[in-house]
Amino acid sequence: MNMNIFFAAALLAPLSALGQPAGHEVTSLPGWSGKLPSKHYSGYIPVGKTSGVPGHIHYWFIESENDPVNDPIVYWTNGGPGGSGITTGLLTEMGQFQLDDDSLANNNSIPTLQYNPYAWSKVANTVFVSQPKGVGFSYCDNAKTADDCVNNDVTAAQDAYDFFINFFNAYPQYKKNDFYLTAESYGGIYIPMFMDEIQKRGGVPNLKGAAIGDGCWGTAVGTCAFSTGKSQQIQAEFLAGHGMYDQTLYKHLKDVCGDWSDEIVAKGTPCADGLLEMNAKIGTFDIYNVYDTCAGDTQQKMTLSEMREKMLQTEIIVENEYVTGHPQLSFDKVNDKVNSDKVNGALNDYECGRDRASELWLSLPEVQEALHVKNGTVGMKYNWGPHNVSGDLRPLYKELAEKYRMLIYSGDVDACVPYWGTEEWTRELGFPIRKDWHPWLSPLTTGSPPQRAGYVVDYDTTTNFKFVTVSGAGHMVPTYKPGFALTLIEKFLKNEEL
């Protein structure tokens, strides 16, 4: 007998006649009046068979508003590590419902949910998760503190595989639907390792590809290796290109930083001194979007050196079910007064407060009851790596891109994982170019005429590998440019040209 099927059968709740776990359907949501736009399911999927640490992953499954029987299944996880695909992804990015400062304007005890006209459920069945174990409402079975629930890049992939097997056993009617993995940020580590686990173990034959936004490409290379010379070159180039320091200093950095080796950027060198000058001239800004004024929802505005120091913490402790984004950059609600006043979205023209309102809504007992989750989970500890596995994932990316359809996209005002480095590493995979850098078009809002939405490089592979930029979008692309993001994911799922 297939042990994966045995494991799922032993741990999953009994299936209803419709083919989903009994008691997982969400029939109403606090803060929303009337019928839900499509069917919702929320609950726990057991994991831990391979990693050896049993636990449960919280998922929220929203069926497509279009054709749930035939539309693809899109899985979404946020990065961090420690960011929740539900607190952040679903409720502040591409989910069917969102919250922001307007949700709190009614002075009711329950924030008002707002329908998102750019939800990815317009074109796909969407599965949002809080992973790994210990993130959001997910938990390790026997943990009493965060130290008892330890994850790394390998165990996260093992648990993800268990999740996929058990999810499709819980919803067997969807085993025939095309399946795509999507994520952002540290999801650039997660997703290829999840796919590699599937390749090694089989069991998910409907996997067709992946879309990764503003993602890392290794824990020891690129931007996400925050102490390296290369990471500082990527950010120096990006920040110069966005007019955040002067041409004279840029020329000086080019002269003194040479090949941007780790030795050249070391403390006390002319290059390091030049980078300190650059940091001072730039001042504080929102690392997720250099033009945004909503910083303070989950992080304070900080200098580049302050951000790098925080991001160098590769052992992460998460003890809050509602953490958003990178836990290292979490907003200190007790001591920090940044953004205490409501600030409108400036260049991005969206209401602030999405993270704050989402955290408040999820903390309500009636919401937790509606979502069939347990409160008071103890969190987790996450160790980046090990570097010999996830340090440099570019060879794995190349292997996967030759077998699966893969889209790598970047918001072009994200300073956390700037497009400059992502364009470089995707080019350096060595695939021949079918159509080099050119604009792509999308409506900004529903019903508006198409406009330039960014740029795309099409590679000449049988899988149509692409690198895409999204104009005016920061680290969380669907938050900043939801219309562009919906067009991008829809065309990707349909394998259409941009």
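Student: How are H5 and H13 oriented to each other in this structure?

Tutor: In this predicted model, the axes of helix H5 (residues 229–241) and helix H13 (residues 419–427) come within 8 Å and cross at roughly 120°. Angles of 65 to 115 degrees count as roughly perpendicular and those over 145 as roughly antiparallel, with the rest in this range taken as oblique. H5 and H13 are therefore oblique.

Student: Is helix H4 largely enclosed by the rest of the structure or largely open, and why?

Tutor: Helix H4 covers residues 187–201, and its end C-alpha atoms lie 21 Å apart, in agreement with the 21 Å that its 15 residues should span. The buried residues of H4 include Gly187, Tyr190, Phe194 and Ile198. Because twelve of the 15 residues of H4 are buried, the helix is largely enclosed.

Student: Which backbone oxygen does the side chain of Asn116 reach?

Tutor: Asn116 is found in the loop between strand E6 (114–115) and strand E7 (125–130), and Asn116 is buried, with a relative accessible area of 4%. Leaving aside residues up to four places away in sequence, Asn116 touches Glu93, Met94, Gly95, Gln96 and Gln98. At 2.9 Å, the backbone oxygen reached by the side chain of Asn116 is that of Gly95.

How values were computed:
Residues are numbered from 1 along each chain as its sequence is written. This is a predicted model: local features need pLDDT of at least 70, side-chain atom pairs count only at pLDDT 80 or more; totals for chains, interfaces and linings use all residues. Side-chain values use heavy atoms; hydrogens and water are left out. Helices (H or I, at least four residues) and strands (E, at least two) are DSSP runs, numbered from the N terminus. The expected span of a helix is 1.5 Å times one less than its number of residues. Buried means under 20% relative accessible area, exposed over 50%, partly exposed in between (1.4 Å probe, protein chains only). Axes are lines fitted to C-alpha atoms, for helices over the stretch in contact, and angles run from 0 to 180 degrees between N-to-C directions. Angles under 35 degrees count as roughly parallel, over 145 as roughly antiparallel, 65 to 115 as roughly perpendicular and the rest as oblique. A polar contact is a pair of N or O atoms within 3.5 Å; within protein, one must be able to donate a hydrogen and the other to accept it, and residues adjacent in sequence count only if both atoms are side-chain atoms. Contact means heavy atoms within 4.5 Å.
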